[in-house]
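Dear colleague,

I am passing on the structure we spoke of, and would be glad if you could look it over with the notes below beside you.

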Amino acid sequence: MLFWVIAAILTLGASLAVLLPLAGETKNTSAAGDHDLEVYRDQLAELDRDVARGLIRPMEAEEARAEIARRILRLSNAGPAGTTATQRSTRLVATAAVLVVPLVSWGLYGQLGSPDLPSQPLSERLAKNPADSSVDELVARAEAHLAANPSDGRGWDVLAPVYLRMQRYADAVTAYRNAIRLDGDSAARQAGLGEAIANAAGGIVSADAQAAFEAALKLDPANPKASFYLAMGLAQEGRTAEATAAWQKMLAALPQGSPWRGAVEQALAESAARNVASEAPAKGPSADDIDAASSMSPQDRQAMISTMVAGLDEKLRQNPRDEEGWMQLVRSYAVLGKTDQARDALNRGIAVFGADSDQARKFTAFAASLGVTATE
Amino acid sequence: MVETGHFALVLAFALALVQTVVPLFGARTGNHKMMAVGAPAALTGFALTALSFVALATAYAGSDFSVESVWENSHSLQPLIYKITGTWGNHEGSMLLWVLILTFFGALVAVFGGNLPATLRANVLAVQGAIGATFLLFILTTSNPFVRLNPAPIEGRDLNPILQDLGLAIHPPLLYLGYVGFSICFSFSVAALIEGRIDASWARWVRPWTLVAWMFLTGGIAMGSYWAYYELGWGGFWFWDPVENASFMPWLAGTALLHSAIVMEKRSALKIWTLLLAILTFSLSLLGTFLVRSGVLTSVHAFATDPTRGVFILCILTLFIGGSLALFALRASRLTAGGLFHPISREGALVLNNLFLTTATATVLVGTLYPLVVEALSADKISVGAPFFNLTFGPLMVPLLVVVPFGPLLAWKRGDIFAVAQRLMAAFAAALLAVLVTALFIDGASVLAALGVGLAFWLICGAFTDLAVKSGFGTVAPATVLRRFAGLPRSVFGTALAHLGLGLTTLGIVGTLCFGTEKILSMHAGDTVELSGHTLRFEGLYPAQGPNYSEDRGRFALLGADGSIAGEITSAKRSYPVRQMTTTESGISTIGFSQLYLSLGDEASDGSVVVRLWWKPLVTLIWGGGLVMMAGAAMSLLDRRLRVGAPSSRKPAGAVPSASPP
């Protein structure tokens with residue numbers, strides 16, 4: 001509302017700037033000749049000064065004086081110039097000019113402007129009620145607070161997992177380190193730090209991350225995140241058997257409702273598939289996927305895993321000659337408990353390569369190890 | 001506030017349309033009411049543009065990321081000064097600054113133009129309004145700084161780190177004051193052509209605007225050169241970069257215009273030259289704007305690129321340059337000839353000066369545009385660098401500099417070159433002495449270098465000779481000399497200062513190019529290096545944290561003759577995380593007029609650092625000369641002559657007194 005009032009006042013002011021001179025009295029203005037005469041007089045005076053200073057010789061000065069005098073004579077001969085416009089054309093132009101200002105400005109602004117969008121200086125956005133703020137704004141607010149009070153350990157502690165979820169891993173690492181430095185060790189912080197370091201490196205569990213996870217386990221031997229990632233580190237080093245063992249141990253120890261069960265099962269499925277072939281062309285869930293799965297609700301996680309498996313299934317329909325892909329698909333369905341689909345996948349895989357092929361025999365043996373048989 | 005600014009800008013555009021049409025129509029029909037619209041429209045237009053600019057600057061200062069250009073060019077962690085200067089550190093904002101200065105000059109004409117003939121004032125304001133309207137339309141349609149984002153991002157993308165420097169606060173505003181200041185000369189010329197006649201006082205009104213614009217442009221170029229020198233870390237002061245050329249061409253043409261206007265106001269001669277130069281100078285300013293703003297160049301001046309903008313500016317160029325030159329072709333023949341003069345005279349010298357300067361401008365123009373033409377025709381990317389300009393621009397400039405001291409000493413109408421040469425004997429002897437001293441006593445000085453030093457001293461002593469001759473030194477009693485010296489017109493001091501500044505800049509350039517030394521080496525902490533008699537010890541690298549960057553600061557101790565620490569130089573490599581860019585902050589120590597310039601390279605794995613070290617003798621004179629030239633222009637502005645041309649208030653208005661020479 002205020003904006004429209006200001007806009008109206010500005011328009012009024014601009015229109016008046018055009019209207020007033022048109023409506024006012026004609027001022028008597030000096031003719032151009034007066035200006036010229038002043039200049040010529042000064043030129044004459046300056047000529048005298050130049051002669052005195054020796055900048056022009058007397059003979060040339062005389063010539064110059066004559067030139068200037070001729071110009072002055074010509075000046076007084078020149079008559080007044082200019083015609084007078086009729087009243088009507090004046091009024092026409094005046095009306096058009098006064099109308100152009102509001103019409104053009106409001107018309108063009110209507111096209112270009114965003115009158116309903118208020119200014120949003122950062123400080124104002126950060127000062128408003130937190131309940132109305134977006135996550136981004138809350139984070140920015142926390143950052144501003146921490147920039148002013150960098151020794152607020154609790155602040156870092158709150159911010160760190162948020163960074164992790166926003167995938168700002170490098171910031172998460174800093175935040176976790178600060179929280180640990182200021183508020184001391186805890187299993188959750190160390191495990192979070194490890195997760196942040198691993199994710200910042202694209203999911204690779206580096207020595208730094210490993211150290212953090214080990215520190216977490218020292219504080220809380222049952223910390224599932226630390227155990228999970230340490231096993232993942234083993235798998236990444238190619239120590240698949242140890243990794244599988246660690247995950248299986250986790251599975252046994254985890255309570256039934258734990259959100260980590262799904263992630264562990266997924267990891268086991270993948271590592272089993274890797275076990276058969278060290279490199280799978282049709283890839284299963286990546287470390288990021290698993291990480292995302294581990295922080296989801298059980299339902300969401302289930303849905304995500306189903307989507308990934310369905311994606312693999314689809315890929316194999318388009319590129320059927322993918323040996324490892326088929327085994328992974330069978331494995332996935334088996335782990336998910338979908339025995340029928342696992343059997344279907346096995347049969348389709350066998351059909352692709354032919355029932356007598358080496359691959360078919362390999363599939364059958366592999367499926368048998370999972371408790372799946374080609375026929376009922 | 002943001003939308004108020006946006007609305008004010010649109011309103012300024014509407015008003016500029018009225019300012020273009022109504023006074024022009026009034027001047028054609030002799031309607032004083034319509035002519036009177038120009039001044040209030042120009043003043044209000046300036047107020048609205050200023051409001052708009054303040055609104056944008058407020059958005060920048062307050063990190064309002066709901067404005068797209070703020071989001072793209074600012075960050076909440078930047079220091080406040082860079083938040084504010086960031087307003088014009090990008091395409092949209094800098095165009096708004098451009099138009100702000102344009103309307104500012106229009107408002108100045110409205111305020112101080114009370115003594116102009118009504119039709120001339122109306123026409124000038126109309127032309128000024130036309131330029132303003134086209135550029136406002138350009139801003140609103142292709143480069144609107146007030147485009148909003150909804151929802152607003154929480155953090156901006158940061159200002160280009162190279163621009164996060166105090167130089168950005170000074171260089172563009174100065175440069176634009178110069179560029180755009182020439183628009184007034186342009187408007188005056190086009191107004192004169194529209195009227196088909198030039199008043200005797202025309203040159204007196206144009207000259208102060210030319211002086212103001214030239215002064216700011218000189219300062220802007222000098223400042224830009226120094227900024228590039230210390231910020232880019234290459235140690236060069238001029239790169240013949242197209243963006244630099246874009247500002248240099250109007251300067252060369254503007255210098256010619258300045259000299260031409262002197263002849264015109266004193267002798268009513270060179271009218272055509274002056275008009276043409278005024279048109280050319282502003283055309284070159286527009287061309288510079290086109291080169292920089294359209295994105296046809298990719299240079300160290302990292303700005304936005306967008307083809308629609310280029311085409312739009314090209315249309316503006318065609319309209320104004322083509323239009324004004326066509327008008328010139330139609331009307332130039334109607335202008336009356338001025339005072340007569342012999343080839344050897346002050347007038348003749350100034351024509352020679354104009355010829356040299358316009359040719360030099362053309363040379364730079366060719367060197368700047370040729371690569372673009374080649375690229376457009378054959379898709380080859382070539383660059384015309386320093387060698388081209390050294391071969392063409394240099395040989396043009398040297399003879400011009402040689403004759404500079406003669407100019408102010410020549411008499412009007414008919415000069416005596418031998419008498420002038422006699423008066424310059426002392427200056428010539430001083431220059432010769434400088435050549436001999438340089439050649440004999442400075443190691444490694446080539447003949448060319450010695451001659452360069454001589455040329456610089458010739459210019460400097462020539463400027464002093466000018467003052468000495470004009471105050472009658474050697475011909476009258478010392479007391480009279482002092483009195484006459486004090487009584488010299490300010491413009492004489494202005495001339496002498498400007499020519500002195502030219503000499504100082506020449507000396508700085510020759511000194512740096514011919515006697516500078518350079519070393520590149522790898523240093524460990526504790527190592528010492530010696531360059532041209534100065535010993536530096538590397539103290540080590542220290543990390544430091546800035547508001548929005550982190551840096552590795554290399555500390556160097558400048559050692560005195562006895563090994564004690566005489567000073568410290570710090571150079572740093574800065575890393576700006578938001579843009580993922582690194583910059584080199586050079587370390588500079590000024591010793592007399594010379595500088596020790598140091599720039600850090602990369603750190604090797606063994607902890608050693610590549611260090612580039614330059615000794616730049618007399619380098620500060622390059623920009624110091626620019627400041628002296630600015631002082632000269634300011635001095636000339638104070639001259640009483642520039643205030644003549646207004647009918648004095650004692651006389652009744654409208655009366656034409658009888659023409660009798662006093």
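The notes that follow take up the interface and then the salt bridges.

Please bear in mind that this is a predicted model. Chain B brings 87 residues to the contact and chain A brings 69, and the area buried between the two chains is about 6,700 Å², with 64% of it given by carbon and sulfur atoms. Of the area that chain B buries against chain A, 11% comes from B:Phe7, B:Lys33 and B:Ile154, more than from any other three residues. On the side of chain B that touches chain A, helix H1 of chain B gives the most, with 17 residues, and by class that side has 46 nonpolar, 22 polar and 19 charged residues.

Over all chains, the structure holds 16 salt bridges. One of them joins A:Arg65 to A:Asp48 at 2.5 Å, N to O; A:Arg65 lies in helix H3 of chain A and A:Asp48 in helix H2 of chain A, so the pair ties together parts that are 17 residues apart in sequence. A:Arg65 also forms a salt bridge with A:Glu62, again with the closest N and O atoms 2.5 Å apart, and these two residues are 3 residues apart in helix H3 of chain A. A:Arg65 is partly exposed at 25% relative accessibility, as is A:Glu62 at 47%.

In helix H17 of chain A, A:Arg348 and A:Asp344 are 4 residues apart and form a salt bridge of 3.5 Å. A:Arg348 is buried, at 19%, whereas A:Asp344 is partly exposed, at 37%. Both belong to a network of salt bridges that also links A:Asp313 and A:Arg317.

With best wishes

Notes. Residues are numbered from 1 along each chain as its sequence is written. Chains are lettered from A and ligands numbered from 1 in the order in which they are written. This is a predicted model: local features need pLDDT of at least 70, side-chain atom pairs count only at pLDDT 80 or more; totals for chains, interfaces and linings use all residues. Side-chain values use heavy atoms; hydrogens and water are left out. Contact means heavy atoms within 4.5 Å. Buried area is the accessible area (1.4 Å probe) that two parts lose on being put together, summed over both. Ala, Val, Leu, Ile, Met, Phe, Trp, Tyr, Cys and Pro count as nonpolar, Asp, Glu, Lys and Arg as charged, and the others, Gly among them, as polar. A salt bridge is a side-chain nitrogen of Lys or Arg within 4 Å of a carboxyl oxygen of Asp or Glu. Buried means under 20% relative accessible area, exposed over 50%, partly exposed in between (1.4 Å probe, protein chains only).
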